[in-house]
Amino acid sequence: MTTPRIAVIGTGTIGAQTLWQLARHGADVTGYELFSPGHSRGAAGGETRLFRHIDVEHLEYLPVTGRSDLIWRELEQESGRTLRNLTGALAIGSTASPATRTALESAAALGSRAEVLSREEAQQRFPQFRLHEDEVAILDKGAGIIFPERTVRTAADAAVARGARILRECRVTAIDQVGSQVDIVTDSGTERYDRVVVAAGAWTATLLPDMAPYLATRRLISSWYLPRAGSTLDGMLPYLRTEPDYSYGLPTADGLAMKLGVGFRDHLPIESPDTAPLRITDEDLEPVRAVARDLFPLLDDYPMRAQAYFEAYTHSRIEFLREHPHMPSVFVCAGFSGKGFKNAPAFGELAARAALGLPQENDDAAFILDAEHVSRPESV
Ligand SMILES: Cc1cc2nc3c(=O)[nH]c(=O)nc-3n(C[C@H](O)[C@H](O)[C@H](O)COP(=O)(O)OP(=O)(O)OC[C@H]3O[C@@H](n4cnc5c(N)ncnc54)[C@H](O)[C@@H]3O)c2cc1C
């Protein structure tokens, strides 16, 4: 039997992991990338991402994140590069909120790898944070910071080292199912493949219009804050807070500033990153400046830097990892809903096995692969 020819469209967060997994299986695989692996114009920019085991939505993600943790270590070993800094991280939330209840259940499942702190204990150990009266904090000891651009680049390099081909600065303009095969169209011509994985991030609905009803495409803003005069950020941990308003933050690698972001409600709806506004207004920054004022007694509340990134959400927030609705040889990886980085290695493994027609070894991820996705006429 001949080796199937497989194309991966987009070598960003998920595509680079998929490419590496396919190359590990010895597949004949080609990646197509609009820019170059490790660029910061999609979902993977801004130097840091939060890796956390504690989940605030679905406990079912715990084994998926455990699997990602293992694969991350394999990639670090294979490449000889450090891709994360597992400092620990805090999950903060009101005891009255369902998200905090899920977080506490996650902590119970993690056992000694998590520690639940009362507000008083949290304030004493982490005075960099100012918790509300009704809040608790969970220390997720195996959590920490991911270096996203470096991770994407490393996975892509590892794939190439194992024989994958990557076509950089090469936009795929159309994907057509032809019999059981698939044509990939670019400005340089058309190539035919046996199977295709699409991991085009916030460009998915532009490239595959049939996917648009399943996705809500958004512009997200990251902004960076310096400490007030006379303060430092020593001992600052990454965090996620679910209530009253969703926010998260990560110290920069040099520890000199804190990057903050807010939740879905405050993201700008866009059609495509190609046409999204890049200018960030004072109004855009207000929700995250409010977080800086509320949660961080030591931070100045005016950002020293702000940047736009792009992400696609599903309506359920469960990732779309399944065949294209009308093209059976095209497997779509989309809608990572603001939380796809930490599980990217496991998702890459799932996508690679699907493209190779191999049974999924990771039964724990069946709830993602089998999820029924709602389509809506307008992206909301
Ligand atoms: C600001 C921000 C903060 C986040 N924080 C976290 C966090 O702390 N923890 C976490 O786990 N997750 C986080 N996420 C979510 C996570 O980063 C995303 O879920 C993940 O990066 C999505 O990966 P992707 O592969 O879908 O998209 P991308 O990484 O953007 O990759 C898509 C790739 O496809 C390429 N492409 C698109 N169209 C084409 C085409 N036509 N032809 C060729 N190539 C194409 C693009 O150039 C790009 O490289 C955050 C997201 C954002 C935006």
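**Contacts and strands**

Guide: This is a predicted model. In it, a backbone N or O atom of leucine 34 lies 3.0 Å from a nitrogen atom of the ligand.

Visitor: Which atoms bring arginine 49 and alanine 199 to the ligand?
Guide: Arginine 49 uses a polar side-chain atom, 3.0 Å from a ligand oxygen. Alanine 199 uses a backbone N or O atom, 3.4 Å from an oxygen of the ligand.

Visitor: How much of the ligand's accessible area does the protein cover?
Guide: 97% of the 1,000 Å² that the ligand has on its own.

Visitor: Which elements give two or more residues to the shell?
Guide: They are α1 (13-24), β3 (49-51), β14 (215-225) and β19 (305-314). In total, 33 residues surround the ligand, with Thr13 and Glu33 among the closest. By class, 18 are nonpolar, nine polar and six charged.

Visitor: Strand β3 also belongs to a sheet. Why are β3 and β4 called edge strands?
Guide: The open sheet has the order β3-β8-β4, with antiparallel pairing. β3 and β4 (84-85) each pair on one side only, which makes them the edges.

Visitor: How do you know that β4 and β8 pair?
Guide: Pairing needs at least two bridges. Two bridges join β4 to β8 (residues 144-146), so they pair. Asparagine 85 stands opposite isoleucine 145 in β8.

How values were computed: Residues are numbered from 1 along each chain as its sequence is written. This is a predicted model: local features need pLDDT of at least 70, side-chain atom pairs count only at pLDDT 80 or more; totals for chains, interfaces and linings use all residues. Side-chain values use heavy atoms; hydrogens and water are left out. A residue is near a molecule or strand if one of its heavy atoms lies within 4 Å of it. A polar contact is a pair of N or O atoms within 3.5 Å; within protein, one must be able to donate a hydrogen and the other to accept it, and residues adjacent in sequence count only if both atoms are side-chain atoms. Accessible areas come from the Shrake-Rupley method with a 1.4 Å probe; for residues, only the protein chains shown count as cover. Helices (H or I, at least four residues) and strands (E, at least two) are DSSP runs, numbered from the N terminus. Ala, Val, Leu, Ile, Met, Phe, Trp, Tyr, Cys and Pro count as nonpolar, Asp, Glu, Lys and Arg as charged, and the others, Gly among them, as polar.
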